[in-house]
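Welcome! Here is a short tour for anyone meeting this structure for the first time. Take a look at it first, and then follow the notes below.

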Amino acid sequence: MRIELEKRPQASAFYSVLSPFIALFLTVIAGGIMFALLGKDPFSALYGFFVEPLLDIWSIHEIAIKAAPLILIGVGLSICYRSNNWNIGAEGQFTAGAIAGSIIPVVFYEWHSPLVLPLMLIFGMIGGALYAAIPAFLKAHMNTNEILTSLMLVYIAQLFLDWMVRGPWRSPDAYNFPVTRDFAPEAILPELVSSGRTNLGFAFAIIAAIALWFMMRYTLKGFEITVLGQSQRAGRFAGFSSRKMIWFSMLLSGALAGLAGISEVSGAINKLQPIISPGYGFTAIIVAFLGRLNPLGIVAAGLFLALTYVGGEAVQLTLSVSDKVTRVFQGLLLFFVLSCDTLILYRIRLVLAGRPGAAQSGAS
Amino acid sequence: MLAVRNLTKLFGSFAACDAIDLDIRPGEIHALLGENGAGKSTLVKMLFGVLAPTDGQILWRGEPVLIASPAAARRIGIGMVFQHFSLFDALTVAENIALSLDPGISLAKVAEEASRLSHEYGLPLDPKAHVADLSVGERQRIEIVRTLLQNPDLVILDEPTSVLTPQEADRLFETLAKLKAEGRSILYISHRLEEVQRICDRATVLRRGKVTGACDPRRETPATLARMMVGSDIAVVSAEGTNARGEVLLEARHLSAAARTPFAVSLKNICLKVRGGEILAIAGVAGNGQSELFDALSGEYPTSEAASVFIRQKPVGTLGITARRLMGAGFVPEERHGHAAVPALSLSDNLVLARSQSDRKAFIGGGLLGIIRHGAVKRASARISEAMDVRKSGENPVAGSLSGGNLQKFIVGRELDRQPAVLVVNQPTWGVDAGAASRIRQALVDLAEAGSAVLVISQDLDEIFEVATEIAVISEGRLSDAYPARELTREKIGLLMGGMYGKTEAGEAAHAHRA
């Protein structure tokens, strides 16, 4: 017996809706097995992971705080991936944006003005975009592989941040801890509602998602992105330039990742420190694909992945499992999402052996 | 020799070959006729062990056999020459041949054997030559010699003349006659009726995966054979031919372009002129610079000199395709999927692909936002489908779901709908069924009669003689002079394809052009 994948004549609309849910279901099953093997009760573990965080207002705010950077980065990445530019370095652009946005509150900390916050956000976007410009330039003009260059730049950005907070930007009043001075109140992203810590970053994420959804759905620019992503040659025939598209998509996603970086630092951490992200830039890749590269789908996917962060922290405390559990869940999820996508284009067929002279001859 | 009973191949629910019966006798040249997509290739791939049949039997000398792989096919005495060659450019002829043989035979012995065979069958080959330096015809000879070295009883040839000049094809036919005289059988796949009538003893005709006729091609007329292939009569393209010549609308002056990749052809000093009302056809064997010429004329890859291409007498050599479209030019590239159209996008989106700027007023709204007016685009795409008789499933299906012929009708119709002053078409009916082909050719003729300049690049001489008012030949990136279509014969074109044209003929042509 063997399993055959048979190409469907047309992509299945049914499975393109259902496949993320099948993936979720399989992730939960696999996660349950994992908890069982760790010697924990799978039901209470899964309950603690996925349900409990939704039951109190504090953790819902935590989910929104964590979802904001994931969505912001994820929608930018979706534009890259739709246009066939594989920016894997959003984590680095996030870090670069955080550093560039922090110039004002760290270096010019004595300047107090309502302009501080908007300028910080703009600096953050420019920082992320400039950092993404490096792989964009290398790809557009030297034909290098952007997957490698953007990924390697992540580590450079992280180590540069580490050096900055230990060296030039270390706060004089932090007892030699590797942190910058605390941001002044006007450099802090205001909270969105009075009930909790959710800040303006979440609003940025939703606005960006809606704007990019509109662009992809209705405008010629969105059409250009889709065409160039599917076939460079057809794009050239249409008069679209794939080189300009490299710049457009990389700068856009870099800017959004940079905005996410400075929003996180300004809204949630209020200073720079060696580690400012639990891997948002990488998790956003999962978010982008789980959301089917559709900006609105990414909002839902971002909220869900944020739940895995918050739920992971919760079970870490209650069941004393490792914090790696969250990473495993996210990895499982990406794995199942990508494999379930096969169902959209292919039909699975079991071929039983034994039909004489027929299909077997090819395999024998 | 070989018999096939009830052979079936399913791809999903689609039957590429449906219960096919076929008999090949010793010492005959048997034609397998059919349009593109009729199932010819699928059938021979099963005979040569590339594909496994879903059902049915293959009998070899009366015994049922399972052909599990090409190696197994070769062992029992079936050889095949594919349409697309598998040769290493950097290796010599002898090295390429040795690769397909058992290891352990010395290269000198291979070379000796190969040159003996090639002389015996009238296929001159230098075993020490590098493949990269050889013409397509010579490369095909390597494939044939490689096949003959295995001493096969049945040789399968897949569309062997599609890459040959008429003279090269004649040579090939002599070789085939020799093989036949030795008692070997040949399965000859083609859709060229004239050839089949000339060299084949029997023919089996396929249509949509089924055998629709078995006959002696010499007793049939091209019309009856075509009916078996297509299933209906084909409209004859009528070219009234206007003598009124307009002004020159498309011109290339000393157009040269370096090859972009190691496998591309460079364009060398190409000059051509197309007036309103004319159809200039560019004949040539595949891979002689046709796509490169298209790229340069369309502006997909602009040239470095403005004064190398003129549209409506304005220099456009350095402008991109959008600017040239805005000057009234339309373009139809050779490859439908992934060049002229994006298969996964709907027909209306594929209309936007070619006309987002030339019809900006109609199709794009919202000022700087650039919002696509889907309603207007859909109406236009319905209009085009109607005008060109595009048969599709549903209102606005994805381009990839259309058959080659119907998609090509849409792609040509997309340009005609604008009434372009200049139309450049590369291989307008390549891989298109006969009904759609005649519809497309008629549309090109009608456009020229309405006063536009049309440039058709084609490998199909029948097509060229059907539509062209002027003919030029491209060979290794050089273009011959243009001759009035009625003054040219196939033989003359064949000579030009080989690159053998001299100064005197050029003088004649200039004279003829002025007349």
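Helices here are DSSP runs of H or I with at least four residues, numbered from the N terminus. With that in mind, just after helix 1 of chain B you will find B:G49, which takes a positive phi of about 80°. Please keep in mind that this is a predicted model.

**Chain B as a whole**

- Chain B holds 18 helices and 23 strands.
- Its C-alpha atoms fill a box of roughly 70 × 55 × 45 Å along the principal axes.
- A compact globule of 515 residues would have a radius of gyration near 24 Å, and chain B agrees because its own value is 24 Å.
- Of the 515 residues of chain B, 47% count as buried.
- Among contacts in chain B with a separation of 6 or more, 67% come from residues 24 or more positions apart.

**A six-stranded sheet in chain B**

- Six strands of chain B form an open sheet in the order 6-7-8-3-9-10, and their pairing is mixed.
- At the edges are strand 6 (78-81) and strand 10 (210-215) of chain B, each of which pairs on one side only.
- From one strand to the next, the twist averages 20°.
- Strand 3 (residues 29-33) and strand 8 (residues 185-190) of chain B run parallel and are joined by five bridges.
- One residue pair to look for is B:L32 with its bridge partner B:I189 in strand 8 of chain B.

**Helices against the sheet**

- Helix 1 (residues 40-47) of chain B packs on the sheet and touches strand 3, strand 6, strand 7 (154-158), strand 8 and strand 9 (202-207) of chain B.
- The direction of helix 1 of chain B makes about 150° with that of strand 7 of chain B.
- Eight of the eight residues of helix 1 of chain B are buried, so this helix is largely enclosed by the rest of the structure.
- The buried residues of helix 1 of chain B include B:K40 and B:K45, along with B:L43, B:V44 and B:L47.
- Helix 6 (residues 166-181) of chain B lies across strand 3, strand 7 and strand 8 of chain B, at about 145° to strand 8 of chain B.

**Where chain A meets chain B**

- Here, 22 residues of chain A are in contact with 31 residues of chain B.
- On the chain A side, helix 9 (220-230), helix 10 (232-237) and helix 16 (360-363) of chain A each give two or more residues.
- Helix 9 of chain A gives the most to that side, with five residues.
- The residues of the chain A side divide into nine nonpolar, nine polar and four charged.

Terms used. Residues numbered from 1 in each chain as written. Chains lettered and ligands numbered in written order. Predicted model: local features only at pLDDT ≥ 70, side-chain atom pairs only at ≥ 80, totals over all residues. Contact = placed C-beta atoms within 7 Å. Nonpolar A, V, L, I, M, F, W, Y, C, P; charged D, E, K, R; others polar. Pairing = 2+ DSSP bridges. Axes fitted to C-alpha atoms, helices over the stretch in contact; angles between N-to-C directions. Buried ≥ 20, exposed ≤ 12 C-beta atoms within 10 Å, placed from the backbone. Rg over C-alpha atoms; globule rule 2.2 N^0.38 Å.
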